[in-house]
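These are my notebook entries on a single protein chain. I record what I looked up, topic by topic.

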Amino acid sequence: MAKGYWVSVYPAMPDPEGLTAYDKLAGPAVQAGGGRVLSRIPSRGGRVVAHEAGMTQRVVLIEFDSFDQAVAAYESEAYQEALVALPDGFERDFRIIEGVD
């Protein structure tokens, strides 16, 4: 069975500290849904080398054991509560994708 992934890109982050409330709720919700954070860059010390368009905005990659598990975790009550904590002005491109077997 192919794994599922959450891919989040934040093109606009007016105040990175504003994610604190979201992170406190989202982290446990992701773990409860079976997710594992694979990468969170450039914050938290991660390194990035940008090519092509040259953008280095925040990117978060989370792995789940299946695509269906990734969708269920997003739709969970706990994660929906976390989404409410995202502050105004944050722009986010969020996708759930299926991995290759």
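Is Val-100 buried or exposed? I found Val-100 exposed, with a relative accessible area of 82%; buried means under 20% relative accessible area, exposed over 50%, and partly exposed in between, with a 1.4 Å probe and protein chains only.

**Basis of the entries.** I worked from a predicted model, in which local features need pLDDT of at least 70, side-chain atom pairs count only at pLDDT 80 or more, and totals for chains, interfaces and linings use all residues. Residues are numbered from 1 along each chain as its sequence is written, and side-chain values use heavy atoms, with hydrogens and water left out.

**Chain end.** I placed Val-100 in the segment after strand S4 (91-98). Val-100 and Ala-2 lie 98 residues apart in sequence, yet their C-alpha atoms are 5.8 Å apart in space. Gly-99 also belongs to the segment after S4. Setting aside residues up to four places away in sequence, I noted that Gly-99 touches Ala-2, Lys-3 and Tyr-5; contact means heavy atoms within 4.5 Å. From Gly-99 to Gly-54, 45 residues apart along the chain, the C-alpha separation is 25 Å.

**Overall layout.** I counted three helices and four strands, in the order β-α-β-β-α-α-β along the sequence. Helices (H or I, at least four residues) and strands (E, at least two) are DSSP runs, numbered from the N terminus. The C-alpha atoms fill a box of roughly 35 × 30 × 20 Å along the principal axes. Among contacts with a separation of 6 or more, 79% join residues 24 or more positions apart.

**Core.** Which residues have the most contacts inside the largest nonpolar core? That core has 16 residues, and I listed Trp-6, Tyr-10, Tyr-22, Ile-62, Phe-64 and Tyr-79 as those with the most contacts inside it. Strand S1 (4-12), helix H1 (20-32), strand S3 (58-64), helix H2 (67-75) and helix H3 (77-84) each give two or more residues to this core. H1 gives the most, with four residues. A nonpolar core is a set of buried Ala, Val, Leu, Ile, Met, Phe, Trp, Tyr and Cys residues joined through side-chain atoms within 4.5 Å. In soluble globular proteins, nonpolar side chains tend to be buried together. I then followed Trp-6: leaving aside neighbours within four places in sequence, its contacts include Val-30, Ile-62, Phe-64, Ala-70, Tyr-79 and Phe-94. Across the chain, buried residues make up 27% of the 101 residues.

Leu-38 is in strand S2 (residues 36-41). I recorded Leu-38 as partly exposed because its relative accessibility is 46%. Beyond neighbours within four places in sequence, Leu-38 is in contact with Tyr-5, Leu-61, Ile-62 and Glu-63. Where is Glu-52 found? I located Glu-52 in the loop between S2 and S3. Glu-52 has a positive phi of about 55° although it is not a glycine. At 82% relative accessibility, Glu-52 counts as exposed.
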